[in-house]
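Thanks for coming. I will walk through one structure this morning, starting with its ligand and then moving to a few single residues and pairs.

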Amino acid sequence: MSGGIKPKISVPPTYLCSMAETEVPLIIIGAGPIGLACALEAKKAGISYLVLEKGSLVNSLFNYPANMTFFSTSERLEIGNVPFVSSSPKPTRAEALEYYRRVKTAFDLQVNLYEEVLDVENKSGGSSISFRIITSRAVYRCARIIVCTGFYDIPYLLDVPGENLPKVTHYYKEPHPYAFRKVMVVGSQNSSVDAALETWRKGAEVTMVIRKPEIGSRVKYWVRPDIINRIEEGSIRAYFNSSILEIRELEVDIMTPEGKLTLANDAVIATTGYQPNLAFLRKLGIRLSDDEILCPYIKEETQETNVPGIYLAGVICGGMNTHRLFIENSRVHAATIINHLKSTGSF
Ligand SMILES: Cc1cc2nc3c(=O)[nH]c(=O)nc-3n(C[C@H](O)[C@H](O)[C@H](O)COP(=O)(O)OP(=O)(O)OC[C@H]3O[C@@H](n4cnc5c(N)ncnc54)[C@H](O)[C@@H]3O)c2cc1C
């Protein structure tokens, strides 16, 4: 699965030393909606920039379930005031992919796809700010960095035996492979509920295992009654206040308030959420708050971090609280950063 944890590409150090460095004033890491918004603002401001993206354009959205519908209306997903026309009030993933592809084409945004940023060396000294960026393909030298790496690449693991079996996924894509099979869905938020309902409607025998006492309160208001009714009528089996103990080829052990149960099982969809790559921020020298949110230090009026020259934009700014920021309320970061760079005469 391309959205999951991938082995790092190892680049021999001797090769990197001998590689020519390409000079780019501004490097934007991540071509999600917010990285693209930053690119758009930089372009409008006449700042030379390059976006480096480890996957496809808007890679997180690409990895969302194929049939997902956004909770935001389309105009709230717009960037750079480019109209997003959708055939229904809540746009689909396919419409969003089309929209961001069109924005990239219309503005001829400079994006290198399938080029992962592996390391950043801070080469600043005195009043000059400079970074060396090492990617899976090249080495760059830049004066400013905007990090827009999102939160969808590292799933929260169940941390139980059998989690690495091929029948277990942390990224649900579409229902067909689960038809006529015994499917266990772990979790109680939007992704879990969508996976449970979709697979059940395509003929799967669905069991939900939910750590909490009820379906998540943030589940889309038009979907929540649907799952609750399916559980109450017994079409979908749900174990609340329960957790997975062990996954085996043909069965799963779970712990319920009544004790341990062993259930026959063909596939496990563990939609237990995702976390941002905060280790990457730490490596850049960015300070994180001491509490469990691990919120990166950012000056609100500029989006600059404690490391001069490094800015954060998008959902990554929320640290472990990945529900505070989304596209509609973080797209504004792009203009804030670029206006600051212009006003300080950085370029
Ligand atoms: C199922 C689901 C439904 C959602 N619905 C909505 C909604 O209705 N409305 C809304 O506003 N938000 C919604 N969100 C949240 C929204 O998708 C995110 O807030 C949004 O993607 C954040 O944009 P971003 O650009 O900050 O990060 P992302 O879109 O995650 O983009 C980050 C990009 O950085 C890339 N990247 C990461 N590390 C590196 C690296 N080292 N080198 C190069 N590239 C890297 C990634 O591949 C990725 O493409 C939803 C999320 C989910 C999971």
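**The ligand and its surroundings**

The ligand is surrounded by 31 residues, and the closest are Glu53, Ser60, Tyr64, Phe71 and Ser72. A residue is near a molecule here if one of its heavy atoms lies within 4 Å of it.

Before going further, some housekeeping. This is a predicted model, where local features need pLDDT of at least 70, side-chain atom pairs count only at pLDDT 80 or more, and totals for chains, interfaces and linings use all residues. Residues are numbered from 1 along each chain as its sequence is written, and side-chain values use heavy atoms, with hydrogens and water left out.

Back to the ligand. Which helices supply at least two residues each of the shell around the ligand? They are α2 (33–44), α3 (59–63) and α8 (327–330). The largest share, three residues, comes from α3. Helices are DSSP runs of H or I with at least four residues, strands are runs of E with at least two, and both are numbered from the N terminus.

Next, the ligand's oxygen atoms. In the side chain of serine 60, an N or O atom is 2.6 Å from an oxygen atom of the ligand. With proline 33, a backbone N or O atom lies 3.4 Å from a ligand oxygen. Cysteine 148 also has a backbone N or O atom to mention, 3.5 Å from an oxygen atom of the ligand. Taken alone the ligand exposes 990 Å², and the protein buries 93% of that. Those areas come from the Shrake-Rupley method with a 1.4 Å probe; for residues, only the protein chains shown count as cover.

**Lysine 167**

Now a charged residue. Lysine 167 is in the loop between β9 (154–155) and β10 (168–169). A salt bridge is a side-chain nitrogen of Lys or Arg within 4 Å of a carboxyl oxygen of Asp or Glu.

What lysine 167 does have is a polar contact of 2.8 Å between its side chain and that of asparagine 265. A polar contact is a pair of N or O atoms within 3.5 Å; within protein, one must be able to donate a hydrogen and the other to accept it, and residues adjacent in sequence count only if both atoms are side-chain atoms. Leaving aside residues up to four places away in sequence, lysine 167 touches several others, including Arg248, Glu249, Glu251 and Asp266. Contact means heavy atoms within 4.5 Å.

**Salt bridges**

How many salt bridges does the structure hold? There are 21. Two residues on the contact list of lysine 167, glutamate 251 and arginine 248, form one, with the closest N and O atoms 3.0 Å apart. Glutamate 251 is partly exposed, with a relative accessible area of 32%, and arginine 248 is partly exposed at 25%. Salt bridges that share partners also join Glu21, Glu121, Lys123, Arg132 and Arg141 into one network.

Another pair is lysine 44 with glutamate 41, at 3.9 Å, N to O. Both lie in helix α2, three residues apart, about one turn of the helix.

Arginine 230 and glutamate 233 make a salt bridge of 2.9 Å, N to O. Arginine 230 is buried at 15% relative accessible area, whereas glutamate 233 is partly exposed at 48%.

Is isoleucine 133 buried or exposed? Isoleucine 133 counts as buried because its relative accessibility is 0%. It sits in strand β6 (residues 131–135). Its C-alpha atom is 7.0 Å from that of valine 117, a residue 16 places away along the chain.

Finally, backbone angles. Aspartate 108 has a phi near 45 degrees, a positive value in a residue other than glycine. It is placed in the loop between α4 (93–106) and β4 (111–112). Aspartate 159, in the loop between β9 and β10, has a positive phi near 60 degrees. Aspartate 159 counts as exposed, at 70% relative accessibility.

Definitions and conventions: Buried means under 20% relative accessible area, exposed over 50%, partly exposed in between (1.4 Å probe, protein chains only).
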